[in-house]
Amino acid sequence: MTRRCLWSAVLVAAGGIATVLLPSNASAQATGFIRGEVLDSASRRPVDGVQVVVAGSTLGAITASDGRYLIRNVPPGSYTIRATRLGFGPAQRGVTVAVLDTAVADFTLRTAAINLSQVVVVGYGTANRREVTNAVATVRNEELVNMPVASVAAALQGKAAGLQVVQNAGNPGNGISVRVRGASSLSAGNQPLYVIDGIPMLRDSYSQLGMGGQDVSAVSGLSPDEISSIDVLKDASASAIYGSRGSNGVVLITTKRGEAGRPKVNFNGYYGTQDLSKKVNMLNAKEYVAYFNEAAKNDGYADDELPFVPGVDDTVDTDWQKAVLQTAPVYDLSVGMTGGGERISYFVSGAFFDQTGILLGSQYRRANFRANLDFAPSSKLSVRTSIGLGREGNIRNENDNTIDGVATNALANQPNVPVRNADGTFTSTDDGLEYTNPVGLGVLDNAESRTLRAMGNTEMSYAFSDRFRLNGRVGVDMLNLRDLRWNSPLIIGTYAASAAGVAQQGNTTVSRYVAETYLQWEVPGQRFGQLSIVGGSGVEYNSSEDDFLQGEGFGSTQFRYPGNAGKVTSYDGGRTDNNLASFFSRANWSLNDRYFVSASVRTDGSSRFGKNYRYGTFSSASLGWALSDESWLSAIRKAGDMKLRLSYGETGNEGIPDDFASLARFGKANYADAPGIAPSSLANPDLKWETTREFDIGIDFSMFAGRIGLVADYFRKTTDDLLVFRPITSTSGFTSVYDNIGNIENRGWEFQLSTEPIRESRVGGFNWNSDFNISFLRNEVTALYRNEPFNSGIRSINRVEVGQPIGAFQTLRFKGVDPETGDAIYDDVNGDGDITADDRTIVGSPHPKYFGGWTNTFGWKRFDLRSFLQFTQGNKVFNAIRIFADDGGYYFDNKLKDTYDKRWKAPGDVAEQPRLSYDGTSGARDVSSRFVEDGSYLRLQEVTLGYLMPQSLARTLNLSEARIFVSGRNLATWTEYTGFNPDVNSNGSGASISLGTDFYAYPLARTISFGVRGSW
């Protein structure tokens, strides 16, 4: 390990040495420049993010937001210049460059479906899609911006095949679950690796507050306005270059860069209002009273023993959902500036996003600043720097997976108790409420998580020749999160009321430092094809430090910090570190621009693992064959392009939450006031990497000049040596230890179809572009420790069992209602004549059978219209709200109106729901498949109508371009699910097993927004 770390340090230092050993500027004086502008053929608007390259060389540039580009250090001569951009057909033209002269090459691109000329970002470089031999999906900037969502992850929902995004809840800034080709781990994490401008970024939730399932995510700190494109590396062959961190897929985020030219300012902003998209139908006061009286009568209670008196106990009718909901604003404003000279260019931007939640006491705010600088001091050396600063404020109230939250109690509390007393104070459990007043929780309690973040990197590239280049990169991601929570003593019925107020404060500082150096070599020689090699090494240092303080007893509600408390009741803190040393290489070979081979290998050493298996080696290989170039398939060539892909790769996972899981450790074991220590964990020197092996076969096909494009893949992904807690005999003093046991398999199909049904060649003509993706996925546990299943989640409903998907729902199977008695009938699985826990069986899966999205874009004259449908089919949702809201009358919670209307009433009734039972004897309160609902849905996620102002009108506003638009999000959802939102998991984004559960989740909002985009 010492030699490897030393070699890594030498390679990293080489990048810095190269900057010192610079040649004279004489070589720069013997070159010229190529500049130009790229426009959309239909709208004549500038196209940003276009890759313009000099054919047969490594020279190139990417267009800025004004569509302009500049290629520096071009030797004199005649060249072919190519322009490619995802969503557009390629274009090329010839130019001649003279010494110290600037050649001009302008392009006009036509919109097109997926084709083999598009450029995608891969690990440690870019590649033409024709040469890509593995599964990569790309999402453009225009598909991310102007969406009233806080997280980039939420904006990706439904946009790429194989990428499953689950909202979990509707609170602003909530943590999003992202899965690339399914879940592969039980405890080592399933979120993908996010890489921004080459630096792996922090992605987890670092808040120390227990807010139910409402977690926060470090990914939400990115502003979509500063992103140029997102490329998703889906198969193991594509992500193997990232080795230990690529088993869950890799999301490569490229931020916008500057371009030479006069300074240009772009601005983008919108303002919107949010309302509840769907209300849960609960009983009103009269129905509530009738419900419980009927439940008591069904159990033999006399009229004078009924719990309520009609006409007396139902005079107050409170809609608690309406009381806690509000119409809330959301707005976003971003300003960016680009410009530069012949050797330096810049992109500077600032953005502010503010979203107030539709539930009282929730809000998310984010401010971002970014400065990207490109500098070429000589013809051989180029330097790129990127700095991103951000501040987030996430205000939450405890909700989701809690029995005392705002949304929770708004559904649970009785409708026959008012919100406030006659004196204006909030009603409470002393006034007959079953639970805490949710309006009081939303108004008086407060919890803010404030995040300060800095991400930056510097890259240096030194070209020894046109074919040999040394690259060095250093980066840092630093995050400080301050949690501050206040539980008011004014809310009767809470612990804070008895403690005279409770305050909690947590401080967490997380840092990641990355240094990498790698060589790129374009091997000369054309006889046996073209070969390019990348090889290098890197180191990564991660550190996390936190402290937590809780105080109780406050003399005034105006003093809300733990330092003002009468006593400190809890304190904790600590530090943890983990490091990574890596060595990687990749080779790409092509023959006749028709046959392609790629192979990579990476070795990672992690401090998290035992000394016997600290290093893991992950390799991959892939093949590509452009069939349409074969002479015997000339008929296909006339219609379009076709390429076959075949890949196999291995990746690893080290994402366990314990940095020292392989070590035997001691921890504090104080007795009274006497300090002490005691063993806290057993050692496992054989602890090693989870390993994922994936096979993929795919086809890329485009025809009719790019008007139809299809990308299809079949994959099979197997994860071995799962990192889990294995039970051990308690005679050791412990009950479990981290070990490598178990396997999981994911397999499925993916299809991405892009078409241009209508293409009008004349400017301002009618155009229609359509993009459809669908993914079919099957998840299965194939091995466990002794093949012994186990359960997790609320009421232990989620099952991990060989032959079943992760987190499958295990409950009693509801077979119907006995027409004579009205009692629930359950399947006697073991046939012993009694219905017990032993009769629980698998009743559904939280994983969808298929999911995807469909985007349609229309253009006519100066108008554009975009619609987006998103769908998920075949998954189940455990509606845990029904444990209390559909129990037949055992608990005094308010009840669901839908099940009340379908209840059994008298002997002979054929009913869907059991009889009401005040004593809980009808079987209605048993957790069963009756509570596991179909979570399939089709959602009209977005409709946006835009209008590009005429130049004459824009100029009167001192603008060079201006577009106004109106947009709606989450406009309609078609589903049979009875809760707020079927796209849900109240256990939060970090859940790997406890999936598909709705326990009083924060509802989803419908948003209507108006905005403008312009430049000058």
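Predicted model: local features only at pLDDT ≥ 70, side-chain atom pairs only at ≥ 80, totals over all residues.
A search of the whole structure finds 13 cavities of 30 Å³ or more. The largest cavity has a volume of about 400 Å³. Its lining comprises 35 residues, and those closest to the centre are Gln-164, Val-166, Pro-846, Pro-848 and Asp-983. Six strands each supply at least two residues of this lining, namely S12 (163–166), S13 (177–180), S38 (767–783), S45 (850–860), S46 (863–873) and S47 (876–879). Strand S12 gives the most, with four residues. By class, the lining of the largest cavity consists of 16 nonpolar, 16 polar and three charged residues.

The second largest cavity has a volume of about 240 Å³. Its lining is made up of 22 residues, and Pro-148, Val-149, Gln-167, Gln-355 and Leu-1004 lie nearest the centre. Two or more residues of this lining come from each of strand S49 (937–948), strand S50 (961–975) and strand S52 (1005–1015). The lining of the second largest cavity divides into nine nonpolar, eleven polar and two charged residues.

On the surface, a nonpolar patch is formed by Val-597, Leu-623, Leu-646, Tyr-648, Phe-695 and Ile-697. Together these residues have about 480 Å² of accessible area. Strand S30 (640–653) and strand S33 (690–703) each supply at least two residues of the nonpolar patch.

Phe-695 is placed in strand S33. The relative accessibility of Phe-695 is 34%, so this residue counts as partly exposed; the class covers values between the 20% limit for buried residues and the 50% limit for exposed ones. Leu-623 is located in strand S29, which spans residues 615–625. Leu-623 also counts as partly exposed, because its relative accessibility is 44%. Between Leu-623 and Tyr-595 the separation is 28 residues in sequence, whereas their C-alpha atoms are 7.7 Å apart in space.

Note on methods
Residues numbered from 1 in each chain as written. Heavy atoms only, no water. Patch = residues over 30% accessible without salt bridge, like charges linked within 9 Å, V, L, I, M, F, W, Y side chains within 5 Å. Areas by Shrake-Rupley, 256 points an atom, 1.4 Å probe, with all protein chains shown as cover. Salt bridge = Lys/Arg side-chain N within 4 Å of Asp/Glu carboxyl O. Buried < 20%, exposed > 50% of the residue type's maximum accessible area, 1.4 Å probe, protein only. 1 Å grid on protein atoms, 1.4 Å probe; cavity = no way out; pocket = protein on both sides within 12 Å on 5 of 7 lines; lining within 4 Å. Points joined across faces, edges and corners; volume = space filled by probe spheres on them. Nonpolar A, V, L, I, M, F, W, Y, C, P; charged D, E, K, R; others polar.
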